[in-house]
Amino acid sequence: MALTGASRNTVSARVDQLIAANLLEEGGRGWSTGGRPPTLLRFNSRAGCVLAVDLGVTSVDVAVTDLSAQILQTIGHPIDIADGPDLVLAEVDRLAQEALAAAGLTPADVCAVGVGVPGPVEFSTGRPFHPPIMPGWHDYPIPSAFARYECPVYADNDVNVMALGEMGIAGSDEDVLVVKVGTGIGCGIIVDGRVYRGAQGSAGDIGHISVTPPDGQTVICRCGNENCLEAIAGGGALLRDARAAGVPVSTTRELVELAARGDGSVLELVRNSGRTIGTVLASLVNFFNPHRIVMTGGVAQAGAPLLAGIREAVYGRSMPLAARALDITVSDAPDLSGRLGAALMAIEGFLDEDSVHQLSRADEQAAGVSPAGTRTGR
Ligand SMILES: [Zn+2]
């Protein structure tokens with residue numbers, strides 16, 4: 001309590017609420033500072049579970065975690081996001097039930113659901129908004145697909161979700177930019193350890209910032225504008241430029257493998273892409289002054305040559321005070337961060353004061369204590 005700065009009554013009411021919801025349990029006696037030794041309380045992370053869904057363009061991973069984001073069970077399966085929400089989310093539901101059963105849990109144990117999707121999402125409603133690579137998903141209410149769990153459902157774009165996952169892996173409350181370089185380019189903005197989404201949920205969409213192409217050409221982006229960052233330096237652009245240079249590649253994975261084997265022309269393309277991304281990041285560093293930048297996504301797996309280009313531009317163009325202690329790294333766990341972030345998003349929403357309040361009131365109601373209050377989803 002000394003640390004929270006809240007009054008004794010406020011803390012005590014919140015603790016009662018958490019105990020009523022079975023989220024706090026007694027865990028022995030603490031050291032006395034004079035009177036009766038205090039009772040220690042600990043977080044009951046097994047009071048329920050969450051479903052974490054990491055939807056990609058060609059695959060989905062579904063995990064069941066406890067309330068501390070410890071993964072209890074996880075299942076992955078190939079999908080085609082272009083099959084549309086009805087088919088894809090039916091498959092997600094099947095995988096979720098399989099994972100729950102394998103973990104020895106039931107739909108009633110699910111406290112919240114977190115879903116990461118590869119496109120822009122209006123966070124307050126969980127509806128994708130004109131997602132360019134998800135035909136048929138515009139305005140689809142993703143939470144409705146999880147109605148059977150009767151719990152809150154949170155959907156956000158995959159970069160924000162991965163950013164949250166990176167924070168979970170690093171366990172930090174720093175200011176961080178998590179930059180995904182896949183086919184496109186996006187950025188999750190972490191302020192004090194929390195995702196910053198902006199007014200409509202589109203903060204961090206850096207892929208469409210205008211840049212100067214290195215060769216002076218004009219490239220039309222899939223958004224219709226000229227010379228967007230991802231049209232010049234994203235994975236799709238790298239593939240296009242590699243093929244134009246006579247390198248026979250069809251996926252960014254093949255491109256990254258060639259870079260790892262030291263193919264000279266591919267290395268130069270990746271380094272140039274790093275420089276272009278770095279000029280945008282330098283502006284962001286001057287504006288935002290983050291502690292760290294974490295690179296993730298398929299192209300980031302190229303590692304050293306991409307980082308070399310990015311560092312050259314960022315350290316060369318950022319203001320010295322902002323760049324002095326700035327750390328730029330590649331994610332340690334790019335495959336895990338989507339699931340972990342979806343779990344953390346669900347847990348964060350579930351432990352939100354209003355949700356817990358509703359839950360404890362529903363428990364009281366079930367026990368015949370109070371006639372008011374129900375546990376509702378969104
Ligand atoms: Zn664009």
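Among contacts in the chain between residues at least 6 apart in sequence, 57% join residues at least 24 apart. The model described here is a predicted one, and its chain has a secondary structure that comes to 11 helices and 14 strands. Of the 378 residues in the chain, 48% are buried, while the chain exposes about 18100 Å², with carbon and sulfur atoms supplying 51% of that area.

**The zinc site**

- Four residues coordinate the zinc ion, namely His208 through ND1 and Cys221, Cys223 and Cys228 through SG, at 2.0 to 2.3 Å.
- The angles that the four donor atoms subtend around the zinc ion run from 105 to 120 degrees, which makes the arrangement tetrahedral, given that a tetrahedral site needs all angles to lie between 85 and 135 degrees.
- For four tetrahedral donors the ideal angle at a metal is 109.5 degrees.

**Asn227, in a loop**

- Asn227 is placed in the loop between β12 (194-195) and α4, and Asn227 counts as buried because its relative accessibility is 11%, where buried means under 20%.
- Not counting residues up to four places away in sequence, Asn227 touches Ile209, Ser210, Val211, Pro213, Gln217, Thr218, Val219 and Ile232.

**The nonpolar cores**

- The largest nonpolar core has 46 residues, and those with the most contacts inside it are Val179, Ile277, Leu281, Ile293 and Met295.
- Two or more residues of this core are given by each of several elements, which are the strands β10 (176-181), β11 (185-191) and β13 (292-296) together with the helices α4 (229-233), α5 (235-244), α6 (252-260), α7 (264-288) and α8 (304-317).
- Helix α7 supplies the largest share of this core, nine residues.
- Ile277 touches Val181, Ile185, Leu229, Ala233, Leu306 and Ile310, when residues up to four places away in sequence are not counted.
- Another core, of 30 residues, lies apart from the largest one, and its members include Ala96, Ala99, Val115 and Trp137.

**Aromatic pairs**

- The count of aromatic pairs comes to two, and each such pair is described by the distance of the ring centres and the angle of the planes.
- In the pair of Phe123 and Tyr154, the ring centres are 6.5 Å apart and the planes lie at 20 degrees, so the pair is stacked.
- Trp137 and Tyr140 form an edge-to-face pair, with 6.5 Å from centre to centre and 65 degrees between the planes.
- Trp137 is likewise buried, because its relative accessible area is 0%, and Trp137 is also among the residues of the 30-residue core.

**Thr65, in a strand**

- Thr65 has its place in strand β4 (residues 59-66), and Thr65 counts as buried because its relative accessibility is 1%.
- Leaving aside neighbours within four places in sequence, Thr65 is in contact with Cys49, Val50, Gln70, Ile71, Leu72, Ala343 and Ile347.

Definitions and conventions:
Residues are numbered from 1 along each chain as its sequence is written. This is a predicted model: local features need pLDDT of at least 70, side-chain atom pairs count only at pLDDT 80 or more; totals for chains, interfaces and linings use all residues. Side-chain values use heavy atoms; hydrogens and water are left out. Helices (H or I, at least four residues) and strands (E, at least two) are DSSP runs, numbered from the N terminus. Buried means under 20% relative accessible area, exposed over 50%, partly exposed in between (1.4 Å probe, protein chains only). Contact means heavy atoms within 4.5 Å. Accessible areas come from the Shrake-Rupley method with a 1.4 Å probe; for residues, only the protein chains shown count as cover. Donors are N, O and S atoms within 2.8 Å of the metal (3.2 Å for Na, K and Ca); water is not among the atoms, so sites may look incomplete. Four donors count as tetrahedral if all angles lie between 85 and 135 degrees; four count as square planar and six as octahedral if opposite donors are over 155 degrees apart and all others between 65 and 115; anything else is irregular. A nonpolar core is a set of buried Ala, Val, Leu, Ile, Met, Phe, Trp, Tyr and Cys residues joined through side-chain atoms within 4.5 Å. Rings of Phe, Tyr and Trp (its six-membered ring) pair if their centres lie within 6.5 Å; planes under 30 degrees apart count as stacked, over 60 as edge-to-face and the rest as tilted.
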